[in-house]
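Q: Please zoom in on how helices cross in this one, and talk me through it slowly.

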Amino acid sequence: MPLEGLKGRKALVTGAASGIGASIVERLKREDVQVFATDIHATHEVIVADLTDADDVEKLSARVGAPDFLINVAGGPVAPTRQQTLPDLPSKALLLEDLDEKQWASVIAANLTTAFLVCREFAPRMKARKFGRIVNFASIAARRGSDRVGVHYAAAKGGIIGLTKTLALELGPHNVTVNAIAPGFIKTPRIEAADWGNASAAFLESLPLRRAGTPDDIAGVVAMLCSDAGGYVSGATLDVNGGWYFGP
Amino acid sequence: MKVAIVTGAAKPDSIGHEVALRLLKEGMQVVVADLYEEGFAALKQCVCMRCDVADSSSVEDMVRNAVHRFGRIDVLVNCVGGSWGITRKDLLSSPPLGFRGLTNCSLDDWRTIVAANLDSVFYAARAAAPHLRKQGGAIVNVASIAARKGIPPGSEGSSGPYAVAKAGVMGLTRQLALELGEFGVRVNCVAPGVIASGRLKRVMALTGKERGPEGPMSSIPLKRVGTVDECAALIVALCTDDTSYMTGVTVDANGASYAA
């Protein structure tokens, strides 16, 4: 039986050019959702926008209108720029003393400011129509901490959880739910290309489900949260990590 | 054909009842295990078995019968629970009036409530595990927002032992996730807030107040109680491949009442 409450709805997916975002676009389309995809990285399917820039967000909203579902995937441990839109991931763990203020600020902007700006742009339309589902992307780095991605990324994703809980309270009376997904080790093509992708067999064996996650594993949870099954879920952070970390 | 067992599904207007109907729609053979035999007639497409989940031998018999009949178990949903209406003697009675906390409940309250809410899940999971392990599958347990925030003194319709037992269900979920993960069995939990089930309606009819056991309805950020339908849809999604990489997790469904 397909998930109920998806067909005919309109979604905006950010960070949609690759990896988890691209998989979410495909999944929602399969559920007959009208999907708008955006990314700073140009592919033939996305509206190109730099979501750290409020002007770009405003231009995006002129094209998208009022989505029912807002899926904020944009971000990553290395901030993209307009020049380098799909940056490689580093090959080794990022330690505190490796990071300068510029990296700190750019990763906070790419992961946290983007979600703030996009929510600020589209939430009022959801409020006006008395319906909305917002799904933000946190990370296991914010839940259990991380030994590789760096404090800037973990802090930004922790910020996403606070933003999610606060927006859930603020938008709840308008029938808008706001949740976050905290993925664990998900083998996207970009992670596979980095040394980070070579998770040791011992690590994978230590996971209760004994495997890395896939982008499709995450897309299913997004679909669930947007469907009627997610109707009463709000303010929650869903840990999707094969049992690596169970949450608070 | 996949086979699912749902405990606590016979009462109409309950989360378990709706879960059973939805698992049928997913194309599964559904076994309903419940003490409330009066409800079996309304679940004709399911195989209903009288079962006292607080009695380990009754649960083992039920699982044995299910396997004997259908040869396999793919899904176990533990919906049974509550602070009252959980023994054959009081199945249809009204909720007891007054607050039953840990410091003022009877030892009998404690034992009965912990047996129905926590022992029951342990018995069912333990009996079903050897069968789930064969081909993989999913267990979904139902906890409660009470496990997150407790039952405030003065509340009626729930109890302190219930809050503690449901916290135990969350711990049991994690432990089982570790033990069964390598066999492709995922174990997750849903922690509902105030849900418009038959039980809530009976509490409200008795107290005449616009509040669930966990607090006033007006304090729910989403400004409504949850429906049995959406809660059941969430439980069913945790049984399907949509959640293929989730295990050991408790999903809170409480209208933003308590963000864990």
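A: A crossing counts as left-handed if the near helix is turned anticlockwise from the far one by less than a right angle, and right-handed if clockwise. This is a predicted model, with local features needing pLDDT of at least 70 and side-chain atom pairs pLDDT 80 or more, while totals for chains, interfaces and linings use all residues. Residues are numbered from 1 along each chain as written, with chains lettered from A and ligands numbered from 1 in written order.

Look at chain B, where helix α1 (15-25) and helix α7 (228-237) have axes that come within 8 Å and cross at roughly 55° (helices are DSSP runs of H or I, at least four residues, numbered from the N terminus; axes are fitted to C-alpha atoms over the stretch in contact, with N-to-C angles from 0 to 180 degrees). The crossing is right-handed. On the α1(B) side, B:Ile15, B:Glu18, B:Val19, B:Arg22 and B:Leu23 make the contact (C-beta atoms, placed from the backbone, within 7 Å). They meet B:Val228, B:Asp229, B:Cys231, B:Ala232, B:Ala233, B:Ile235 and B:Val236 of α7(B).

B:Val19 turns up again in the largest nonpolar core: of its 178 residues, B:Val19 is among those touching the most other members, along with B:Val6, B:Val32 and B:Leu234 (core members are buried Ala, Val, Leu, Ile, Met, Phe, Trp, Tyr or Cys joined through C-beta atoms within 7 Å; buried needs 20 or more other C-beta atoms within 10 Å). Helix α3 (107-135) of chain B gives that core the most, 12 residues. Beyond four places in sequence, B:Val32 contacts B:Val6, B:Ala9, B:Ala10, B:Ala20, B:Leu43, B:Cys46 and B:Cys48.

Conventions
Buried ≥ 20, exposed ≤ 12 C-beta atoms within 10 Å, placed from the backbone. Helix = DSSP H or I, 4+ residues; strand = E, 2+ residues; numbered from the N terminus. Contact = placed C-beta atoms within 7 Å.
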